Amino acid sequence: MNPQSSKKALDGGWGWVIVLVSFMAQFLAYGSPQSVGVLYPEWLDAFQEGKGLTAWVGSLVSGVGLIASPICSACVINFGARPVTIFSGVMVAGGLMLSAFAPNVPFLIFSYGIVVGLGCGLVYAATVTITCQYFDKRRGLALGIVTTGTSVGGFLYATAQNELIELFGLDGCLLIVGALALNLIACAGPMRPLHLPGYYLKQKAAYERAEEQHFSQSEKPPVTEDPIKTTTGTAEKGPTVNDLLITVDAKDALAYEKTFLSSLSLVKIIKKKQKAYAKYFHTTAEFLHDRVFTSLCIALFLFSLGAFPPVLFMEDVAQSEGLIDGVSIIPLVSIVAITTGLGKLVLGIMADMRWINSLYLYTFTLVGTGVALLVIPVSKTYVGLQILSAVVGFFSGNWSITPYVTTKIVGIESLTQAYGILMFFGGFGIMLGPPVVGWFYDWTQSYDLAFYFSGSCVLLGGISLLLSALPCWNKNKKENTRADTEYTSNCDKIASVA
């Protein structure tokens, strides 16, 4: 596509097709992982393993994608959104179908946790990147619609997987869900890029250089032989030994020169990479020297450690306490998923309000989540668990305002690198949370201590972030204002969701 057509495609036109297929891609990829709490009790019954070991399946499928996000983003930058989405569709579908034949939990950790988790990370990176290419003024609104696909997928897949397990069993459910995930390949079709990916640009440059070399060689005049040297005797004798030795020496010298030059270029490349990595680690160290940013990293780690396990364990809590037989028509996982989507929208709109401090709003969501988790062991009715699930889900929508909080702390120029550091802490917490809660249950045969631990972690993270953000610590420093965030249209005020 030429530059004129790419400008016309921004903020409308084919961009809304991109939004639709990206929404469906996240819906299909994240539907099963977001409702893994429905599958968790079935795996416990099927493999008869401890809750701590089995919980690794659900923690890895969500944490691996976050931790590997730099690799996923690099794949999209180099190869483009369409090939990456096709490959991720094969990974997600293959991992789900492979999980239907899992003989034990370690195999399930690999097939469902790692393979499906990496596939979901690739889908997320591809859909967000292609949406950002097609939208400028309405980018927030477009990304908000696209990322809501995860919550809608979790809400619908929870009920669907429950019904499929009743009809076809656990293995049949995974096979059918895996077959549905193959539609990710169809979603990749309309994702035509506005800009050529890095890999194709390199190939194009190499092809153009080869063409130029071939053209320059074809234009060289033919070499005419000296009639004095081309006598009959010399033609019969051929080149002398002296000529051969000179030719061999020249070739050796040329080969040595090429090897030497290639070694020099390799050393330059290594030094350049070392400088880049040294600069990256130096910048990272500068971020971590910031008191508020370090507190935000710790708070996000504690929040992921404590707030993610309810998504996985809530159904098992209700069944182990005898509050319900089996899984209800609208599972608790579905309630968490749909209220998370609502929380993303509402908290995003609140963060856009000038009179609300996004950092304090984020802290409030952490404290609210911690209190709700501490109340879960006290609740002895299924209705109470439904209400608490809705509260935890709503406050879990604070992922939508995490970029705003990060921008307020480090500035818009350093957002990308700082947000990557935050995602690493969040992914690490998500990976550790469910196994730790499962080990608490294996140790005490009750979820009470596990949820007290989870709630305390989230509450501790919220209080520490609040204390570190108080203005009394830096009276001499200027506060970061919201001047960095300039809206280009009213649509952005509605959609801080991304």
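Colleague: Before we look at volumes, what counts as a cavity here?

Modeller: A cavity is a set of grid points where a 1.4 Å probe fits but cannot get out. In this predicted model, the largest cavity has a volume of about 60 Å³.

Colleague: How many cavities of 30 Å³ or more does a search of the whole structure find?

Modeller: The search finds one.

Colleague: Which residues line the largest cavity?

Modeller: Its lining is made up of Val317, Glu321, Ile376, Pro377, Ser379, Lys380, Tyr447, Asp448 and Phe451. By class, five of the lining residues are nonpolar, three are charged and one is polar.

Colleague: Let's step back to the fold. How many helices and strands are there in the protein chain?

Modeller: The chain has 21 helices and zero strands. Of its 498 residues, 46% count as buried. Looking at contacts between residues at least 6 apart in sequence, 85% join residues at least 24 apart. The accessible surface comes to about 25300 Å², and carbon and sulfur atoms account for 67% of that area.

Colleague: Where in the protein chain is confidence lowest, and where is it highest?

Modeller: Confidence is read from pLDDT, which runs from 0 to 100. Helix H21 (residues 491-494) has the lowest confidence, with a mean of 38, while helix H9 (residues 183-188) has the highest, at 93. For the protein chain, the mean pLDDT is 77, with 73% of residues reaching 70 or more.

Colleague: What should I note about residues 224-238?

Modeller: Their pLDDT is below 50, and the stretch has two contacts in the model beyond near neighbours in sequence. Residues 1-9 stay under 50 too, with nine contacts beyond four places in sequence.

Methods: Residues are numbered from 1 along each chain as its sequence is written. This is a predicted model: local features need pLDDT of at least 70, side-chain atom pairs count only at pLDDT 80 or more; totals for chains, interfaces and linings use all residues. Side-chain values use heavy atoms; hydrogens and water are left out. Helices (H or I, at least four residues) and strands (E, at least two) are DSSP runs, numbered from the N terminus. Buried means under 20% relative accessible area, exposed over 50%, partly exposed in between (1.4 Å probe, protein chains only). Contact means heavy atoms within 4.5 Å. Accessible areas come from the Shrake-Rupley method with a 1.4 Å probe; for residues, only the protein chains shown count as cover. On a 1 Å grid over the protein atoms alone, a cavity is a set of points where a 1.4 Å probe fits but cannot get out, and a pocket is an open set with protein on both sides within 12 Å along at least five of seven lines; lining residues have an atom within 4 Å of a point. Grid points are joined across faces, edges and corners, and a volume is the space filled by probe spheres set on the points. Ala, Val, Leu, Ile, Met, Phe, Trp, Tyr, Cys and Pro count as nonpolar, Asp, Glu, Lys and Arg as charged, and the others, Gly among them, as polar. pLDDT is the predictor's confidence in each residue, from 0 to 100.
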